[in-house]
Amino acid sequence: MIQTAQDMKTYRKKIHKALGNQFLRKALDNFASSYKASRVKAFEGIDLEALRCRIADNKDHALPHLESLFQQFKEKAEAAGAVVHLAATAAEANDIIAQIARDNGVRAIVKSKSMTAEEIHLNDHLEAEGFTVTETDLGEWIIQLRHEGPSHMVMPAIHLSRRQVGGLFTDVTGRPVDLEDIDRMVKVARKELRPAFLAADMGVSGANFAIADTGTIGLVTNEGNARLTTTLPRVHVALVGLDKLLPNLEAALDILKILPRNATGQALTSYVTWITGAVECAASSTGKKILHIVFLDNGRLALARDPVFSEALRCIRCGACANVCPVYGKVGGHALGHVYIGAIGLILTYFYHGKNNDRAIVRNCLNCQACKSVCPAHIDLPYLIKQVYGNVLKDDGVKPAKNTILSFAMKNRKLFHGMLRMASVLQKPIVQKDAGVLRHLPFVFGKSQDFRTLPALAETPFREQWPSLRPRISEPVYRVALFGGCLVDFVSPEQAVALMKLLTVHHVQMEYPMGQTCCGLPAVMMAETETAVEVAIQNLQAMSPCQYDYILVLCASCGSHLKEGYRRLLASKPELAETLKTFQSKIMDFSSFMVNVLKVDPQKFVQTHTSVAYHSPCHLCRGLGVTREPRELLRTAGLNYIPCADEDVCCGFGGSYSLDFPEISAAILNQKLDHVESTGAEILVTDCPGCVLQLRGGMNQRGGRVRVRHIAEVVAENLKPR
Amino acid sequence: MIHNNLAMMFRERAERVQAVTASVHNMDDVFRYVIDQTLKENGNTIVAPDLDALQLQKLEDLCQASGLRLLHPPFRNHTGDIHTALTGANWAISETGTLVLDSGSEDIRIATMLSETHIAWISASRIAPDASALAAYLRGKMASPPGYMAFITGPSRTADIERVLAIGVHGPQRLHILVMEDDPS
């Protein structure tokens with residue numbers, strides 16, 4: 001029933017359709033903003049960071065021992081009257097559960113919400129075996145009636161409007177249901193499902209925790225259906241992923257503290273149920289519940305042993321990675337996942353449902369790091385997504401043409417830069433000179449790129465201007481090197497010139513090492529790891545970190561990749577470890593250098609009070625953790641900074657992402673620009689040339705009057721004349 | 001004093017999640033509350049799975065005087081007609097406004113799951129600051145199976161339709177918590 005696109009063409013069609021769903025867009029928009037506020041509130045007074053680290057640690061300690069935790073759990077739970085099974089595959093789990101039902105003469109089954117049951121398509125299997133299966137979680141019941149998969153792990157029916165649900169309930173009950181009255185609809189479900197609970201012979205639940213040292217399962221729910229599912233029928237089957245095994249109650253209580261808060265902003269769900277063994281049950285002939293606990297492997301044990309991907313098993317299924325994902329916010333879960341949705345879904349799909357189901361969706365990641373910033377288990381989701389994408393490419397043995405071209409060009413700096421220079425000559429006929437943009441886009445981009453203008457390549461790249469520009473400061477206070485990155489060097493050299501002006505005024509000697517090349521992030525985004533490693537080594541050598549006090553970046557994406565990305569890429573090169581450490585310790589973004597190192601003085605700037613809005617680049621605020629400095633610098637430089645909604649939400653650029661998914665990129669961009677325009681600011685400032693490209697291109701295309709500038713430019717412009 | 005603070009915070013947090021709280025001094029207050037509330041809701045049945053025989057008789061007399069029916073176990077025979085369930089709670093958690101109720105008995109489970117209104121009383125001295133403060137108690141219970149331990153925080157709720165909060169989807173539609181102040185004697 002779940003149909004996930006297996007190629008990009010089909011996938012783009014699905015995305016186009018999702019983007020056209022106005023209800024979905026509005027519902028997800030409202031959700032995104034209210035979620036963020038309620039999450040912050042829910043964690044007030046809690047040391048969230050310590051808790052996240054503890055959860056990651058606990059999980060990492062448990063994962064290598066899943067088999068022995070399973071044995072311990074089995075021993076304890078069976079001593080308490082349960083029967084514990086281990087299913088190697090989805091098919092095996094389905095068979096075990098169907099067999100339990102047959103052995104106990106079951107006809108009717110009620111289910112409470114379980115993503116693991118969704119994973120193995122349990123309902124389809126049981127229904128094919130002749131059992132009646134009723135989902136009892138309201139959202140799950142709705143999607144079961146519609147024959148759909150969940151569009152969110154916690155709120156499976158978030159894609160539906162009250163009118164759609166009301167219509168559905170009218171059809172199902174044969175009685176008209178008020179299409180506006182949600183309370184009424186909830187009561188309809190209460191009334192319709194109560195007889196199903198009472199008639200059921202077997203209840204199937206999932207579990208949020210499996211506590212090994214007591215053989216206890218824990219269930220976290222709001223509606224109360226899991227309590228009824230585990231109480232009324234004489235047979236209870238709990239289907240549990242092996243990754244839910246924890247050594248003890250304390251580890252479970254840590255997760256419980258974070259799960260509801262991170263999922264829905266609730267301090268705690270209405271119900272948390274801890275079941276140990278077979279409790280009394282008058283409906284069973286023995287007077288004891290017939291309790292079976294079926295653990296599902298389905299690739300988990302192999303995953304737990306994987307040095308890179310085991311981290312994905314830390315997931316506690318809170319759904320937060322979808323809640324904050326700008327892509328999810330535009331297309332919803334049916335277009336951003338298979339069974340598991342959101343960032344973790346793009347990863348798990350490959351392991352649980354195969355590369356075909358992951359091939360297209362895994363590419364739908366901006367690498368904006370929003371998911372990573374809220375993950376309660378510190379899973380590096382964007383990194384794992386790119387790694388999975390790499391696996392898909394490897395498995396398929398076919399690479400997109402742009403991968404091959406990019407890798408070929410990037411590995412040889414002189415060739416790469418030569419190609420950029422050539423392009424700057426070739427583009428001449430289509431450059432609109434006064435505006436510095438391309439009048440129309442070269443055919444390779446296609447019509448879908450019309451949502452923004454693209455800047456022309458600079459006539460003279462910064463590296464060619466540099467020999468004549470290079471200032472010589474006598475007795476400089478600092479010696480710094482600029483890591484320009486492709487966009488500053490070849491598209492926006494004026495940003496580097498602005499930096500140079502500011503540094504000169506502050507007696508800082510700037511250098512521009514010529515051997516530097518692309519930081520390699522585009523290669524990472526395309527899962528070209530080998531190329532990424534090669535350019536990383538080139539840059540490390542070219543930047544000679546020992547010679548400078550700081551290595552400055554004007555591009556947040558380069559900066560975050562140099563500082564954090566290189567650590568992983570070069571982990572297997574111990575001979576570079578020392579240089580890398582020095583290199584990373586010297587990387588600094590523009591604003592931090594101005595505010596924290598130079599401690600720039602407002603006296604040096606004309607206080608123009610020009611009103612500016614600010615876009616916080618993903619790789620600055622989340623990648624490098626810099627949030628205060630740019631805003632402070634704007635004020636120091638005499639500008640009137642006006643806060644804007646969703647400043648830290650991605651602009652939709654994501655490098656090659658915007659070429660792969662132009663429609664989503666445009667939707668994210670337009671919302672950003674709407675927010676900016678509503679502030680009334682004259683200038684939109686940001687500190688990443690990629691964001692500038694996207695935001696300026698979008699603003700141009702809509703004919704907006706807000707100018708888009710790099711922070712170095714606006715700060716340099718306000719310098720008092722000497 | 002500590003009990004008072006914990007009790008205050010507990011009540012505040014429980015009310016945040018749509019529980020109704022009140023303060024009582026003894027079981028007579030509790031019984032009065034249960035009868036009044038049931039009458040107010042036009043209910044006509046009450047179950048009280050964890051009272052001792054003496055108290056149960058007292059409640060039954062009060063029910064009779066008010067024209068209400070006290071249902072007797074096993075409650076599986078009454079799954080369709082439980083209006084009010086009265087139970088105690090083993091512990092409460094102040095941080096989240098949560099009741100901790102040992103629900104190993106099937107009658108307690110059915111009472112607290114299938115009633116329209118659940119009224120629970122808890123002694124102020126049994127309010128713990130957070131769940132981890134109860135870890136030893138919970139671990140002890142889990143180590144002597146079988147067991148069914150319930151954390152109950154507010155009435156049953158859902159936000160599955162347009163994320164609009166709706167109360168009372170499968171479990172009780174109302175949760176009242178009566179905090180019994182320590183007897184000064």
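Chain A of this predicted model contains 35 helices and 20 strands. Its radius of gyration is 28 Å, close to the 27 Å from the globule rule for 722 residues, so chain A is as compact as a globular protein of that length. The C-alpha trace of chain A spans about 95 × 60 × 50 Å along its principal axes.

**Packing and surface of chain A**
- Of the 722 residues in chain A, 63% are buried.
- Among contacts in chain A with a separation of 6 or more, 78% join residues 24 or more positions apart.

**Charge**
- Chain A carries 82 positive and 72 negative side chains.
- The centres of these two sets are 4 Å apart.

**Helix 26 of chain A**
- Helix 26 covers residues 529–542; at 1.5 Å a residue its 14 residues should span 20 Å, which agrees with the 20 Å between its end C-alpha atoms.
- Its buried residues are Thr531(A), Ala532(A), Val533(A), Val535(A), Ala536(A), Asn539(A), Leu540(A) and Ala542(A).
- An α-helix has 3.6 residues a turn, so residues three or four places apart point the same way.
- The cover over the buried residues of helix 26 includes helix 20 (401–410), helix 25 (521–525), helix 27 (556–569) and helix 28 (577–586) of chain A.
- Strand 13 (478–483) of chain A is also part of that cover.
- After helix 26 comes Ser544(A), which has a positive phi near 25°.

Note on methods:
Residues numbered from 1 in each chain as written. Chains lettered and ligands numbered in written order. Predicted model: local features only at pLDDT ≥ 70, side-chain atom pairs only at ≥ 80, totals over all residues. Heavy atoms only, no water. Helix = DSSP H or I, 4+ residues; strand = E, 2+ residues; numbered from the N terminus. Rg over C-alpha atoms; globule rule 2.2 N^0.38 Å. Buried < 20%, exposed > 50% of the residue type's maximum accessible area, 1.4 Å probe, protein only. Contact = heavy atoms within 4.5 Å. Lys, Arg positive; Asp, Glu negative; His and termini not counted. Charge placed at Lys NZ, Arg CZ, Asp CG, Glu CD. Expected span 1.5 Å × (residues − 1).
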